[in-house]
Amino acid sequence: MIYQFVLGIAIAMWVLPKVITFILVSVNYSFLGPYLLSSLTHAYPSGIPGLALLLLRVSVGGLFLLHGYPKVKHLRRWAESINTPVFLCFISAWTMLGGGFFLILGFLTLLATLPILASMLFAILLHLIEGKPFVATDPYLIPGDQYKGPLGKSEPPSWEKAFMYCVMLIAIAVFGPGAYSLDALIFGG
C-alpha cells in the first residue's frame with residue numbers, strides 16, 4: 001500500500017506539471033502561464049530573499065504538517081469538537097497535511113496555499129461566530145479551571161493564530177516559493 005502512495009506522488013510530481021503546462025500553452029493565454037501554479041508573480045528570488053522565502057515556506061509547511069496529522073488521525077473527534085460536518089473536516093485536515101508537504105518542497109506552491117488559506121478563513125469564521133476575541137485574554141487572569149488541555153494547561157481561544165497563518169499564506173502565494181524550491185526548478189526557466 002505504501003508503494004502505491006509513493007508511486008502516486010512520484011507520478012503526480014513528474015506528470016502533473018507537464019500536463020498543466022501543455023494545457024496552458026495550448027490555450028495560449030499569456031497571463032495564464034504555468035508560473036501561476038507556483039505564485040502570483042513569476043520571479044524566483046535567490047540570495048537572502050530566497051532564503052527568507054525558504055524559511056517562511058518550510059516553517060509554515062512544517063506547522064501545517066503538525067496541525068494536519070492529528071486532525072486526520074482523530075477526524076471524527078475533531079469534527080464533533082468544532083461542530084462541523086466530517087466531510088469538511090476531512091477536506092481541511094488533508095489540505096493541511098498535503099499542503100504542508102507541498103509547501104516544504106516548494107511544489108505547486110500557489111495551489112498548496114489556496115486551499116489551506118480557505119481552511120484558515122473558515123477557522124476565523126467559526127471563531128467569530130462563537131464570539132471569540134482576536135487576541136485572547138491574558139492567560140494568567142483566567143480562572144484555573146478553564147481552558148485545560150491534555151497537560152492541564154492550554155491557550156485561551158482566539159482567532160489570532162488563524163489570522164497570522166492567513167497573512168503568511170498570502171505572502172507565500174504572492175511572492176512565491178523562491179529559488180530554492182521545486183517550482184523554481186520546474187517553472188523557473
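Select the cysteines to begin: this predicted model holds 0 disulfides. C89 is buried, because its relative accessible area is 1%, under the 20% limit. C166 is likewise classed as buried, with a relative accessible area of 5%.

**The pair α2 and α4**

Next, select helix α2, residues 47-73, together with helix α4, residues 86-105. Two packed helices are described by the angle between their axes and the distance between the axes. For α2 and α4, the angle is about 155° and the axes lie 7 Å apart. Angles over 145 degrees count as roughly antiparallel, and α2 and α4 are therefore roughly antiparallel to each other. Viewed as a crossing, α2 passes α4 in the left-handed sense.

To display the contact itself, take the two sides in turn. On α2, select R57, V58, V60, G61, G62, F64, L65, H67, G68, Y69, K71 and V72. On α4, select A93, W94, M96, L97, G100, F101, L103, I104 and L105.

**P70, in helix α2**

Remain on helix α2 and select P70, which has its place there. Is P70 buried, exposed or partly exposed? P70 counts as partly exposed, because its relative accessibility of 37% falls between the limits of 20% and 50%. A distance drawn from the C-alpha atom of P70 to that of A93 reads 8.5 Å, although the two residues are 23 apart along the chain. A93 is one of the α4 residues in the contact with α2.

Most residues other than glycine have a negative phi. Phi of L108, by contrast, is near 50°, a positive value in a residue other than glycine. L108 is buried, with a relative accessible area of 4%.

**S119, in helix α5**

Finish on helix α5, residues 109-129, and select S119 within that helix. The relative accessible area of S119 is 11%, and S119 is therefore buried. Which residues does S119 contact, leaving aside its neighbours within four places in sequence? The contacts are with S92 and M96. M96 has already been selected on this tour, as one of the α4 residues that take part in the contact with α2. Showing S119 and M96 together with α2 therefore brings both contacts of M96 into one view: that with S119 and that between α4 and α2.

Technical notes. Residues are numbered from 1 along each chain as its sequence is written. This is a predicted model: local features need pLDDT of at least 70, side-chain atom pairs count only at pLDDT 80 or more; totals for chains, interfaces and linings use all residues. Side-chain values use heavy atoms; hydrogens and water are left out. Axes are lines fitted to C-alpha atoms, for helices over the stretch in contact, and angles run from 0 to 180 degrees between N-to-C directions. Helices (H or I, at least four residues) and strands (E, at least two) are DSSP runs, numbered from the N terminus. Angles under 35 degrees count as roughly parallel, over 145 as roughly antiparallel, 65 to 115 as roughly perpendicular and the rest as oblique. A crossing is left-handed if the near helix is turned anticlockwise from the far one by less than a right angle, and right-handed if clockwise. Contact means heavy atoms within 4.5 Å. Buried means under 20% relative accessible area, exposed over 50%, partly exposed in between (1.4 Å probe, protein chains only). A disulfide is a pair of cysteine sulfur atoms within 2.5 Å.
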